[in-house]
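Load the model in your viewer and keep the sequence panel open. The tour goes stop by stop: select, look, move on.

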Amino acid sequence: MKSTVIFFWIIALILQYRPAYADNKIYIGLDAAFGNITSTSETAIKQGILIAIDEINRTGGVLGGRKLGLIERDNRSVPARGIKNIREFAAMPNVVAVFCGKFSPVVQEEIPHVHNLGLPLLDPWAAADDIIDNGHSPNYVFRLSLKDSWAISKMLDSAQKKEKRRIGVIVPITGWGRSSNDAVSRYAAGHPDLKIVGTEWYSWGEASLKDKYLALLKSGAQAILLVANEREGSVLVREVASLPEKKRLPIFSHWGVSGGDFVKLTGRSIEKVDFSVVQTYSFIDMDSEKVRQVVSAAKRLFNIPDARHIKAPVGMAHAYDLTHILALAINLAGSADRKSVRDALERVSHYDGLIKSYDRPFSDIRHEALGPEDVFMARFMKDGSIAAAKED
């Protein structure tokens, strides 16, 4: 009986990993919180990878004809599940690298494991500073995304341009929240005209943030700096919208809220609040051959009718560019060996991407493909799309 159970267990493992063994494809792993019901970022990242894979495979693949493929795992935004997924990906010989999702706390816990396993981790969303500034050498983590320090600087710069110099901060009790709060402290230390009147911490899933908001209002806040995902962010917007107009402070938000159907969650309340969100890319009002190419592929592959219907657009754009850069690194390495590909990622040059033209996305001393100059403030439109704020 015991031998029979072991036999079926072995067969189950073989079937589970069969896609990574059964053909000559080179696979990209994706570890993300697909089980998070309000989030759209994971799907956007997946779509960006698949659009790039489709283009690469249509033009001959990599290494003289090998196709790329994608294998995904759901971590449900739980670090322990993410670590388990990383170990599973590392056990698949044809997986060359793994993309992460938007939740920094998961990625932060995975970092020691990807280094121990020698598995390149590519970050198209998670923004905590220490994801890249992780102390490992060689560093196996590469990011084409926002960084908390850049986001906070842009948000507070925007507040000061609007003569809002007394700021209340609302952040989650997570690694992302601590990273963002550290960035606020560094910014404030270099800008003596700015005053942080208070910082309110919250836990994921809190049903109300109203008391925290009102405490900051009472402390003299002229604006709120918010670090939140779509669920808690929409709670705050609805609560602020219910207050008398004179008590509705401008809210400068980190981009976690843009990783879900935020306008649907807030309803008409978003129209009553001065709410802006930091971003690195918008498909709206962009007209280039590359944009038309990606939007057309999104329609063909995923039945997305046009650019305004692309949800979590930064996820799609970042993942698209990062997949093409990975393909260039595989060709530059001359193999799908993970260490060789890691080294080659630091040597890729001259990629004309969707977000911008990259002279050299990464180097041995820089694993950030974007920079502060790529960050801007944006606003949600009534149809749920995101466009650059006119005041920028």
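**Stop 1: Thr-38 and its surroundings**

Select Thr-38 and show its contacts: leaving out residues up to four places away in sequence, Thr-38 touches Glu-230, Arg-231, Gly-259, Gly-260, Asp-261 and Leu-265. Contact here means heavy atoms within 4.5 Å. This is a predicted model, in which local features need pLDDT of at least 70 and side-chain atom pairs count only at pLDDT 80 or more, while totals for chains, interfaces and linings use all residues. Residues are numbered from 1 along each chain as its sequence is written, and side-chain values use heavy atoms, with hydrogens and water left out.

Stay on Thr-38. It sits in the loop between strand E1 (26-32) and helix H2 (41-58). Helices (H or I, at least four residues) and strands (E, at least two) are DSSP runs, numbered from the N terminus. Is Thr-38 buried or exposed? Thr-38 counts as buried, because its relative accessibility is 17%. The cut-offs are under 20% relative accessible area for buried and over 50% for exposed, with partly exposed in between (1.4 Å probe, protein chains only).

Now draw the side chains of Thr-38 and Glu-230. A polar contact of 2.6 Å joins them. Such a contact is a pair of N or O atoms within 3.5 Å; within protein, one must be able to donate a hydrogen and the other to accept it, and residues adjacent in sequence count only if both atoms are side-chain atoms.

**Stop 2: the sheet**

Colour E1 to E5. These five strands form an open sheet in the order E2-E1-E3-E4-E5, with parallel pairing. Two strands pair if DSSP finds at least two bridges between them. Which strands stand at the edges? Strand E2 (68-74) and strand E5 (141-143) do; each has a single partner strand, so one side of each is left without a neighbour in the sheet. Neighbouring strands of this sheet are turned by 25° against each other on average, direction ignored.

Zoom in on strand E4 (residues 121-123). Three bridges join E4 to E5, and the two run parallel. Pick Leu-121: its bridge partner in E5 is Val-141.

**Stop 3: helices on the sheet**

Axes are lines fitted to C-alpha atoms, for helices over the stretch in contact, and angles run from 0 to 180 degrees between N-to-C directions.

How many of the 18 residues of H2 are buried? The number is 14, and H2 is mostly covered. Check the length of H2 too: at 1.5 Å a residue, its 18 residues should span 26 Å, and its end C-alpha atoms are 26 Å apart, which agrees. The expected span is 1.5 Å times one less than the number of residues. Past H2 comes Gly-60, with a positive phi near 110°.

**Stop 4: the core**

Select Phe-99, Leu-225, Phe-275, Phe-283, Met-316 and Leu-326. Of the 104 residues in the largest nonpolar core, these touch the most other members. Helix H11 (residues 313-333) gives the most to this core, with eleven residues. Such a core is a set of buried Ala, Val, Leu, Ile, Met, Phe, Trp, Tyr and Cys residues joined through side-chain atoms within 4.5 Å.

Centre on His-324, in helix H11. His-324 is buried, at 14% relative accessibility. Beyond four places in sequence, its contacts are Ala-52, Glu-55, Ile-56 and Tyr-351.

**Stop 5: backbone details**

Most residues other than glycine have a negative phi, and most peptide bonds are trans. Go to Pro-138, in the loop between E4 and E5. The peptide bond from Ser-137 to Pro-138 is cis, with omega near 0°.

Next, Ala-312: its phi is positive, about 50°, although it is not a glycine. Ala-312 lies in the loop between helix H10 (289-302) and H11, and is buried, with a relative accessible area of 4%.

Finish at His-350, in the loop between helix H12 (338-345) and strand E11 (351-352). The phi of His-350 is also positive, near 55°. His-350 is exposed, with a relative accessible area of 64%.
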